[in-house]
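Work through these exercises with the model open. Each solution goes step by step.

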Amino acid sequence: MCGILGICLADQDKNVASELFDGCLFLQHRGQDAAGIVTCGQRGRFYQCKGNGMARDVFTQSRMTGLVGSMGIAHLRYPTAGSSAMSEAQPFYANSPFGIALSHNGNLVNTAELKKYLDEVVHRHINTDSDSELLLNIFAAELAKYDKSRVNNNDIFSALEGVFKMCRGAYACVAMLAGYGVIGFRDPHGIRPLLIGERVKEDGQRDYMLASESVVLRAHGFTNYRDILPGEAVIIPKSSHSPEFRRVAPMATYTPDIFEYVYFARPDSVMDGISVYRSRIEMGRKLADNITKRFEAKSLKVQDEIDVIIPVPDTSRHSALECAVKLNLPYREGFVKNRYVGRTFIMPDQEQRTSSVRRKLNAMASEFYGRSVLIVDDSIVRGTTSMEIVNMAREAGARKVYFASCSPVIRYNHIYGIDLADTKALVGFNKTEHEVADAIGADEVFYQQLDDLVACCQREPEIPAQELALTPVVSRTDEYNPISLKGEVPPIDGFEVGVFTGDYITGVEDNYIQELEQIRAQNQRIREAGLNGGMVDAKAESEISMFNSGDYS
Ligand SMILES: O=P(O)(O)OC[C@H]1O[C@H](OP(=O)(O)OP(=O)(O)O)[C@H](O)[C@@H]1O
Ligand SMILES: NC(=O)CC[C@H](N)C(=O)O
Ligand SMILES: [Mg+2]
């Protein structure tokens, strides 16, 4: 999972970089490994600043002043293909044809086929292990087919049709053609999110923004916004400044990844018409119902067995509070979070994740001592957090520790841009709930059922009127007519839930999962060798490459 962003300002004399930087801060939770911005100046030249680190570290003031131009794109990376190498920070750039920059969120699942095609058929050089570089080059190769010195919207849409025919997997993208404009597109299943918004200025001119989450659009005044649909593309040309939308591939299914609602997205975002906050509230409510049933089945009353509900900050807070309300039990913030430690799950290596949990969360004995506690988290993935948390609760004197997860047992790889670890590294892999409880040291674990989770993530009438006005629900049979910003967004068909079921919406190429696991193992070896000061016969983390600047001063 990554964050992507693109802005095209109406006033070509203004620089967009500071607004892109600000937007990146709103999307930082989607990727902490690398950040990048590419802007395009009036003479059609690209200006780039990217590298490993958080947005605030990469985009120093002096570097920002060099980013000129009224349009630009940005990326916050959480690596899920390739490695954490600096050279894989995005946006990626290809000079031919025309000059293209691209930010990608998602994972392609037919990379072997694409690599072969790029090498053997169109002879394009790929300099990293990133699938996003493949995607960019497929787009470039499709555009090159027109053999024109200047393209128009039709050519770009046709090139995208070619991209959609070749690429399989998850891809929400924001791209920029030098001197031309900003482009957005979303894969035919709508697995990863992408929205477009418009900001009408006092003089009547309109600025446009493309972003992974609605929270950025709102915060920057792009209040007229909607989701890009699966298989849909939009071009915002700098010259006309009037966005053109087109369906470049049939909508295969409208199935966003349910994990966005469980963990990744910010609660104050509304994606595909579903409020993340509301869905998390529902998750807490459903969890409470199931926990009640589980105790009732043993002829026990939950209120006699549990003294207090404690969330694992941050993501599970809203669900845990609602769970406590429904169970009529007190809710206490027993863990205090150190706000200077980022999201631990999206850290690249296990050692870092384990020590970060302890640095990030501190248990207050006053809330645990002598009590039977129910700890609520949004998910149990590798079990890193839950294991440490249970330990900490016991060290703080808890008498009994129950652990509840707002999502079902995660038993399979996540292959669409959320690096949920190798199957074997998942604490739920090949285990019953009982065995998971043993593994994390809890007295008992409670998992959400998949049907219930799906039921929690629905569009509902209570969504604020402003959101609803922008995403009116229409029948799926309605014709797609090249839509405007006020276009109609059809109901979703369901969700991508492969991590829970092992059935992936796009299917996967033979050996893709093994390939992912090999890459992860190789990255791990590189990291370990680096930590021990050694060398390995592989691309090093801070390799000398086309992009080799770690100096942000
Ligand atoms: O089982 P694990 O492998 O430990 O992963 C699951 C944990 O990771 C995430 O928290 P994270 O600290 O990343 O972010 P948060 O502060 O938003 O909850 C998630 O919310 C769980 O707490
Ligand atoms: N999480 C993502 O969306 C990552 C995008 C891309 N696959 C990369 O690894 O850079
Ligand atoms: Mg968490």
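**Exercise 1.** In which loop is the place of Asp378?

Solution. Asp378 sits in the loop between β19 (372-377) and α14 (384-395). Helices (H or I, at least four residues) and strands (E, at least two) are DSSP runs, numbered from the N terminus. This is a predicted model: local features need pLDDT of at least 70, side-chain atom pairs count only at pLDDT 80 or more, and totals for chains, interfaces and linings use all residues. Residues are numbered from 1 along each chain as its sequence is written, while chains are lettered from A and ligands numbered from 1 in the order in which they are written.

**Exercise 2.** Locate the residues of the UniProt feature "binding site".

Solution. The unreviewed UniProt entry places this feature at Thr315, Asp377 and Asp378. They are spread over 64 residues of sequence, yet cluster in space, with a largest C-alpha distance of 7.5 Å. UniProt positions follow the numbering used here, feature names are shortened, and annotations may be inferred rather than shown by experiment.

**Exercise 3.** With which residues is Thr315 in contact, leaving aside its neighbours within four places in sequence?

Solution. Contact means C-beta atoms, placed from the backbone, within 7 Å. Thr315 then contacts Tyr263 and Asp378.

Terms used
Two residues are in contact if their C-beta atoms, placed from the backbone, lie within 7 Å.
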